[in-house]
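Thank you all for coming; I would like to walk you through one structure this morning. Please have a look at it on the screen before I go on.

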Amino acid sequence: MRKHWIDNLRWVTVLLVLLYHVFYFYNNKGVFGGIGGFGDGPQYQDVVMYILYPWFMPLLFLLAGISARYALEKYPARDWFRARTRKLIVPGTIGLFVFQWMTGYFNTAVASHVNGGSVMPEGLPGFINYFAWSVSGIGPLWFIQTLWLLCIILLIVRAIDKNDRFWNWCGKANIVWIILLGILFWAGEQTLIKNPRPETADGLINLYKPLFYLVPFLLGYFVFSHDEVQEKVGKVWLPLVICTAASGIALIVTTFGQDNTSPEYLGSPLNCLYGWLACLAMMGWFKTKFDKTDKFAGYMTRSSYGLYIVHYLVIASFGYMMKMYTQLPPVAMYLILGVAVFALSPLLYEVVHRIPFIRWCIFGEKRAKS
């Protein structure tokens, strides 16, 4: 029986990613990748980033771990990994050169604006620029590239635990131990490089954070794929929501103004406490209240992955053009960018995923979903 609450939580989280990027693009907190804010004063709208960033990507990896367990109970590991490769690596490699190069074009334009000069040397041949734009267009696709790597690690771990002894043992966890698993969440954040060196791949490692995201992914597979564990979390969803809100308020009040993506910030105990409690609270809440579906939820379940793939082109293009070529007030820019990403991303997805071969390159889809 399909667990609709997992589907619903996944697509809702993807929509929150779209919302996050609206505020991220214009942040003035020094978060890498945005075009910058509107003056040096406080931008209180950036609080959206502080609310969402500590937990929404770990939650997506956790849900991916749960789904991996269910899929591997139905399909041979070889078939599952082949499907994962098509769904993750094809968009994360071939898709860069078919679609994401357009995102990369605007990303390099944003970087040039931030740096006060072009980041691309003058006079380069067109194919060199195209290759650079394609690589720069990875953007949010780091998620699917990292997820594919974690799938490989999972297959290795499964080979070690052939008889599911560890998985069975994890299913006995009570709510106290489930909450204490946040210690692993904190330990994962400690793997970030505190002082990344610009001339090395340190910054890239801190972006992809494979060792950190391995934690929620494996916890999803071994712990939260158990019906019993899901029931235990669901029974305390309201206290979890209250504790999450309290820790989140404490975090924001004491840290607002800092770069909320820095290794020091992410590794702080309060950030890790809030992030882990938020993951548990969202799972418990959706398990209890949203384990159902309808026509709209079914559509979002089918299309949310595609929306994630295409949405940042809308963010980067509209966000850049408004900041550079208009005198619109900030409120108007936020509103226009928000409407654009939620209206045009589905439209863009609906058009692209109906084109044979192109949909395979961009979404890893063999055929259009109905």
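What you see is a predicted model, in which local features need pLDDT of at least 70 and side-chain atom pairs count only at pLDDT 80 or more, while totals for chains, interfaces and linings use all residues. Residues are numbered from 1 along each chain as its sequence is written, and side-chain values use heavy atoms, with hydrogens and water left out.

I will start with the empty space. Rolling a probe the size of a water molecule over the atoms shows where empty space is left. On a 1 Å grid over the protein atoms alone, a pocket is an open set of points with protein on both sides within 12 Å along at least five of seven lines, a cavity is a set of points where a 1.4 Å probe fits but cannot get out, and lining residues have an atom within 4 Å of a point. Grid points are joined across faces, edges and corners, and a volume is the space filled by probe spheres set on the points.

The largest pocket holds about 1800 Å³ of space. Its lining is made of 46 residues, and those nearest its centre are Arg 2, Arg 10, Ser 67, Ala 71 and Arg 84. Helices here are DSSP runs of H or I with at least four residues, numbered from the N terminus. Two or more lining residues come from each of helix H1 (4-25), H3, helix H4 (77-115), helix H6 (142-160) and helix H16 (295-325), and H3 gives the most, with nine residues. By class, this lining has 22 nonpolar, five polar and 19 charged residues.

The second largest pocket has a volume of about 1300 Å³. Tyr 24, Phe 32, Gly 33, Gly 139 and Leu 207 are the closest to its centre, out of 42 residues that line it. Helix H4 provides the largest share of that lining, six residues, and the lining of the second largest pocket divides into 25 nonpolar, 15 polar and two charged residues.

Trp 5, Phe 224 and Lys 287 are among the residues that line it, and helix H12 (227-235) and helix H15 (269-289) each supply at least two residues of the lining.

Let me return to H3, and to burial, where buried means under 20% relative accessible area, exposed means over 50%, and partly exposed lies in between, with a 1.4 Å probe and protein chains only. Because 15 of its 19 residues are buried, H3 is largely enclosed by the rest of the structure. The expected span of a helix is 1.5 Å times one less than its number of residues; for H3, residues 56-74, that gives 27 Å, and the end C-alpha atoms are 27 Å apart, which agrees.

Helix H11, residues 210-222, should span 18 Å, and its end C-alpha atoms are 18 Å apart, which again agrees. H11 is mostly covered, with 11 of its 13 residues buried. With contact meaning heavy atoms within 4.5 Å, the buried residues of H11 pack against H3, H6, helix H7 (165-170), helix H9 (182-189), H10 and H15.

In the loop between H11 and H12 we find His 226, which is buried at a relative accessible area of 6%. Apart from neighbours within four places in sequence, His 226 is in contact with Trp 167, Asn 168, Cys 170 and Gly 171.

Finally, which backbone angles might we look at? Asp 164 has a positive phi of about 60° although it is not a glycine; Asp 164 sits in the loop between H6 and H7 and is partly exposed, at 21% relative accessibility. Phe 357 also is not a glycine and has a positive phi, of about 70°. Phe 357 belongs to the loop between helix H17 (330-352) and helix H18 (358-363), and at 57% relative accessibility it counts as exposed.

How values were computed
Ala, Val, Leu, Ile, Met, Phe, Trp, Tyr, Cys and Pro count as nonpolar, Asp, Glu, Lys and Arg as charged, and the others, Gly among them, as polar.
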